[in-house]
Amino acid sequence: MKRILPLLPIALASLSACGLRPVYGGGGHGAVAQALGNVEVAPIEGKAGWLVRNALNDRLSAMESGSGPRYRLVVKLDDNIAGLGLRADAAITRERRTLRARYQLVDEVTGAQILDDTAGSDAGIDVTSSEYATIAAEDTALERLSQTVADQIVTRLALYSRKAANP
């Protein structure tokens, strides 16, 4: 232990010299938080759209900048459930739910499309003899996938905002 302690300041100094910078540097007044606080999420169709839009609004509204929406986020979703496992009697025993999003960030002032990207995730679902349990599992999977997709979108928007603020 005595040998490691003198090396700790050197290790910490080398981390700051490697070029790593926090995405949310400056907290709520930083460039990334200001940009994300100015994003308005357009309505998204369907139940999955409602869940994703609410998750996005939860994440983006935490960074309100007060100057009003400058960007519009347009999201199109593809929600798919496919049967995987089959028993000898051809009954499905496992499903895979996939949620994919194509999203575009549009500048409200110029109407220019700034960012066009995709996000997605999938989840496995056990199909039981109880139809209610299977539907509940499908709904729970959709809720988790919506959160994951929203996280991916916000992370990508944050990285884009940081790059645009510090070229």
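## Salt bridges

Let's start with charged side chains that pair up. In this predicted model, the count of salt bridges comes to 9. The general idea is simple: side chains of opposite charge can pair when their charged atoms come close.

Take R59 and D151, one of these pairs. Their side chains meet in a salt bridge, with 2.4 Å from N to O. R59 belongs to helix 3 and D151 to helix 4, so this pair ties together parts of the chain that are 92 residues apart in sequence.

Next up is R102, which forms a salt bridge with D116; here the closest N and O atoms are 2.5 Å apart. You'll find R102 in strand 3 and D116 in strand 4, so the pair ties together parts that are 14 residues apart in sequence.

D117 is partly exposed, with a relative accessible area of 23%. For R156 the value is 30%, which also makes this residue partly exposed.

## A buried charge without a partner

E95 is found in strand 3. Is E95 buried or exposed? E95 is buried, yet this residue has no salt bridge.

What does E95 touch, then? Leaving out residues up to four places away in sequence, its contacts include I81, A82, G83 and L84. Also among them are A123, G124, I125 and V127, as well as T134 and E138.

The C-alpha atoms of A123 and T140 are separated by 9.9 Å, and the two residues are 17 apart along the chain. T140 is found in helix 4. With a relative accessible area of 39%, T140 is partly exposed.

The model has an open sheet of 4 strands, in the order 1-2-3-4, and the pairing is mixed. Strand 1 and strand 4 stand at the edges with a single partner strand each, so one side of each has no neighbour in the sheet. On average, neighbouring strands of this sheet are turned by 25 degrees against each other, ignoring direction.

How do strand 1 and strand 2 run? They run parallel, and 3 bridges join them. Here E40 stands opposite R72 in strand 2. Strand 2 and strand 3, on the other hand, run antiparallel and are joined by 13 bridges. You can trace some of the partners yourself: D78 has R100 in strand 3 as its bridge partner, and L77 has A101 in strand 3.

Helix 3 comes into this picture too. It lies across strand 1, strand 2 and strand 3, and runs at about 135 degrees to strand 2.

## The nonpolar core

How many residues are in the largest nonpolar core? It has 33, and the ones with the most contacts inside it are L36, L56, L73 and I153. Helix 2 (31-37), helix 3 (46-61) and helix 4 (131-165) each supply at least two residues, as do strand 1 (39-41), strand 2 (71-83), strand 3 (94-107) and strand 4 (113-126). Which of these gives the most? That's helix 4, with 9 residues.

Not counting residues up to four places away in sequence, L56 touches V41, L73, V75, A150, I153 and V154.

How values were computed
Residues numbered from 1 in each chain as written. Predicted model: local features only at pLDDT ≥ 70, side-chain atom pairs only at ≥ 80, totals over all residues. Heavy atoms only, no water. Core = buried A, V, L, I, M, F, W, Y, C linked by side-chain atoms within 4.5 Å. Buried < 20%, exposed > 50% of the residue type's maximum accessible area, 1.4 Å probe, protein only. Contact = heavy atoms within 4.5 Å. Pairing = 2+ DSSP bridges. Lys, Arg positive; Asp, Glu negative; His and termini not counted. Salt bridge = Lys/Arg side-chain N within 4 Å of Asp/Glu carboxyl O. Axes fitted to C-alpha atoms, helices over the stretch in contact; angles between N-to-C directions.
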